[in-house]
Amino acid sequence: MTTTTTTAAAPAAPAATAAVLEAHEVETGYGGVQILWGISIVLAPGTLTALVGANGGGKTTLLRAIVGQLPLWRGAVTFDGADLGRLPPHGRAARGLVLVPEGRQLFATMTVAENLELGATPRRARAAARRNRERVLELFPRLGERLRQRAGSLSGGEQQMLAVARGIMADPRLLIVDELSMGLAPLLAASLFAAMRRLRDGGLSILLVEQNVQLALAVSDAAIVMESGRVARSGSAADLAGDDGVRKSYLGV
Amino acid sequence: MWSETLLASTVDGLLIGVVYGLAALGLTLIFGVMNVVNLAHGPTMTLGMFGIYLSATKLGLHPFAGLVLVAAGGLLLGVGIYVVAVKRVIDAPHLASLLATFSVNLMIVGVATAIFSTSFRNLSHDLGVLRAGPIAVPGTRVAAALLAVAVAAALQVFLTRTRLGKYVRAVAANRAAAELVGIPSARVLALSFGIGTMLAATAGGLIALSLPFTVLSGGVYELKSFVIVVLGGLGNPLGALVGGVVLGLIEGIVPVFARATWVPVLEYGLFVLILLVRPSGLLGGGR
C-alpha cells in the first residue's frame, strides 16, 4: 500500500487557484482508537470530487473531522485559506462549509418548508435565502409540492432531496454529501447525481462520499480513494476509472 | 344540590389543572429538547412561590407584576443551572444528569429552608368571587388559569412562529443536524432549560396566588408534574396540558365522592397504570 501523504485531488488545478479546502496530515479517531493516519487532501474550487473506498476506511471519520464534529489529534484543516482550528460545526457552517450527513438527519417532526428555512441559518445564507430557495425548488420540484408535509413522512428519495436542499439553503462554498445514493433506487440515485452535476456546473465545489464507485467516478471531476485511514490513490476521476488497481478493487472488473 | 357540588368541583379542578399543566410543560420541554429529566423542577416552583410572595410583601408589588419578575428570574435561573450543572453532563448517561439536577434540588431546598424555615406562607390575594349560575369560583383561580393558558399559548407561538423557537425545535429534533446548518446548539440548550425553568417558576407563582405553601411544597408539585408528563406522553407539550387537566379534575371531583386522602392513591395508581398499559402516554410521546 502506498503511504503517500500529500496528494492533489485535482492535479490540473493551476497553482494560482487557491484550494477551497485543504486537509494537512490529519490524524484522529474515537477514544483511543486511531482511524485516520496522516490524511492530506486538496479540493480545487468549482470541482466535483468523489471520496471513495471500502467501508471502515475512514471516509465518514474524515468528514466529521473536516466539519468539526471530531477534534483533530494532529494536523490541520484550512478552508478558504483560513485554519479552522477548533471552530465548532455551527461556526464552520456559517463560513460556508456545509455537510449533508449520512442518513439524511432531517428535522423529522418539522415541515419541509421549516427544514429549508432552518437550512438558511447562517447570516450570509439568510441574505441569499430567497435565491437559494428558488434554486432548490427548481432542482427538486417535488419538494415544492410537499412544503407543508412533515419531513419524516417523505419517501426515502424525497428525504435525500430535502437533505441536499437544506444543505444548499445554507449557501455553501463547499457542499459535502455523505452517502448520496444509499438505499435509493438506481433511477433516483442517477437523478441525484445529475443534480450534483448541475450544482457543480453552477460553480459550487462539492465533495461526494459514495459507495457506488462506478457512478461516483462517472460524474466526478476528481477522486480520492481511501484505504485503512490513508489516502491510497487520488487524481482525476477519468484516470482512476481507467486504473487497473482501482477497477479490480472497486469496480469488480 | 349534589350535582351543583360536582359541577363546582369540576370547574375548580379544571382551573388548577391548567396551572399544573403549565408546570409540567416546563418539565416536558426540557426533556423533549435535551433528554434530561430535571429533578430541580420542584424547587424552581418553590422559588416561584416565594418570588411572588416576597415581591408582594417586601417590595409591595402587585402579584401580577411580581409574576413578571418571577418569570424573568426563572429564565435567568434556568440558564444558570444549565451552564453550571447540566452542560457538563448533557452527553453523559441519564444517571449523571439526574444526579446533577438532584444536587441543584437539594441545594435550593437547603438554602431556602435556612432562610425561610418550613412554615406555611399565604399570599391570599383576593380578586373576589366569580358567579355563574350555581357555581362560584375565586377570582384568583380564574386569573391563574387564564394566565397559564396565555403563557402556554405564547410558548406555542414562540416555538412555531419565531426563528429562535424553530431553533429550539430543530435542536430537539436532531442536535447534530442543527449544528450542521449553523445553529449554535449550546446556546439553544441553555435557552431551552431557561424557558423550562421559567414555566415551572411561573406555575409556582400562579399556585401561590390562591394556595398556601412552604419551602417543601415544590416537591409535592414536582411529583404531580411527573405524573402529568407520563400521563400525557413525555416530551409532548399538548399532552402536558391535557395531563394537567386530568390530574386537576381528579383532585376536584374525587373528594365529592370519597375522602380526600384517596386523591393521591388514585393519582399514583393512574400513574402506574399508564406506565403498565400505555407507557407512551395518552397522547403519545413527542418532540
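A salt bridge is taken here as a side-chain nitrogen of Lys or Arg within 4 Å of a carboxyl oxygen of Asp or Glu. The structure is a predicted model, in which local features need pLDDT of at least 70 and side-chain atom pairs count only at pLDDT 80 or more, whereas totals for chains, interfaces and linings use all residues. Residues are numbered from 1 along each chain as its sequence is written, chains are lettered from A and ligands numbered from 1 in the order in which they are written, and side-chain values use heavy atoms, with hydrogens and water left out.

Across the interface of chain B and chain A, two salt bridges are found by this rule. In a salt bridge between A:Glu117 and B:Lys166, the side chains meet with an N to O distance of 2.7 Å. Between chain B and chain A there are also four residue pairs in polar contact, both residues being at pLDDT 80 or more; a polar contact is a pair of N or O atoms within 3.5 Å, where within protein one must be able to donate a hydrogen and the other to accept it, and where residues adjacent in sequence count only if both atoms are side-chain atoms. On the side of chain B that touches chain A, the elements giving two or more residues are helix H6 (163–173) and helix H7 (175–180) of chain B, helices being DSSP runs of H or I with at least four residues and strands runs of E with at least two, numbered from the N terminus. The largest share of that side, six residues, comes from H6(B). The residues of the side of chain B that touches chain A comprise ten nonpolar, three polar and six charged, where Ala, Val, Leu, Ile, Met, Phe, Trp, Tyr, Cys and Pro count as nonpolar, Asp, Glu, Lys and Arg as charged, and the others, Gly among them, as polar.

The contact (heavy atoms within 4.5 Å) takes 19 residues from chain B and 23 residues from chain A. The area buried between chain B and chain A, that is, the accessible area (1.4 Å probe) that two parts lose on being put together, summed over both, is about 1800 Å², of which carbon and sulfur atoms give 59%. In chain B, the residues that lose the most area to chain A are B:Arg163, B:Leu180 and B:Val181, which together account for 38% of what that side buries.

Over all chains, the count comes to 16 salt bridges. One of these joins A:Arg74 to A:Glu27, with the closest N and O atoms 3.3 Å apart. This pair links distant parts of the chain, since A:Arg74 belongs to strand S4 (residues 74–79) of chain A and A:Glu27 to strand S1 (residues 21–30) of chain A, 47 residues apart. A:Arg74 is partly exposed, with a relative accessible area of 44%, while A:Glu27 is buried, at 16%; buried means under 20% relative accessible area, exposed over 50% and partly exposed in between (1.4 Å probe, protein chains only).

A salt bridge is also formed by A:Arg173 and A:Asp80, whose closest N and O atoms are 2.4 Å apart. A:Arg173 lies in the loop between helix H7 (156–169) and strand S7 (174–178) of chain A, and A:Asp80 in the loop between S4 and strand S5 (82–83) of chain A, so the pair ties together parts that are 93 residues apart in sequence. Both partners count as partly exposed, A:Arg173 at 38% relative accessibility and A:Asp80 at 37%. For A:Arg124 and A:Asp171, the salt bridge has its closest N and O atoms 3.8 Å apart. A:Asp171 is buried, with a relative accessible area of 12%, and A:Arg124 is partly exposed at 30%. A network of salt bridges links A:Arg142, A:Glu145, A:Arg146 and A:Glu158.

A nonpolar core is a set of buried Ala, Val, Leu, Ile, Met, Phe, Trp, Tyr and Cys residues joined through side-chain atoms within 4.5 Å. The largest nonpolar core has 79 residues, among which B:Met34 and B:Ile183 touch the most other members. Helix H1 (residues 2–34) of chain B gives the most to this core, with 14 residues. Apart from its neighbours within four places in sequence, B:Met34 is in contact with B:Tyr82, B:Ile90, B:Leu189, B:Ser192 and B:Phe193. A second, separate core of 36 residues includes A:Ile168, A:Val177, A:Leu192 and A:Val219.
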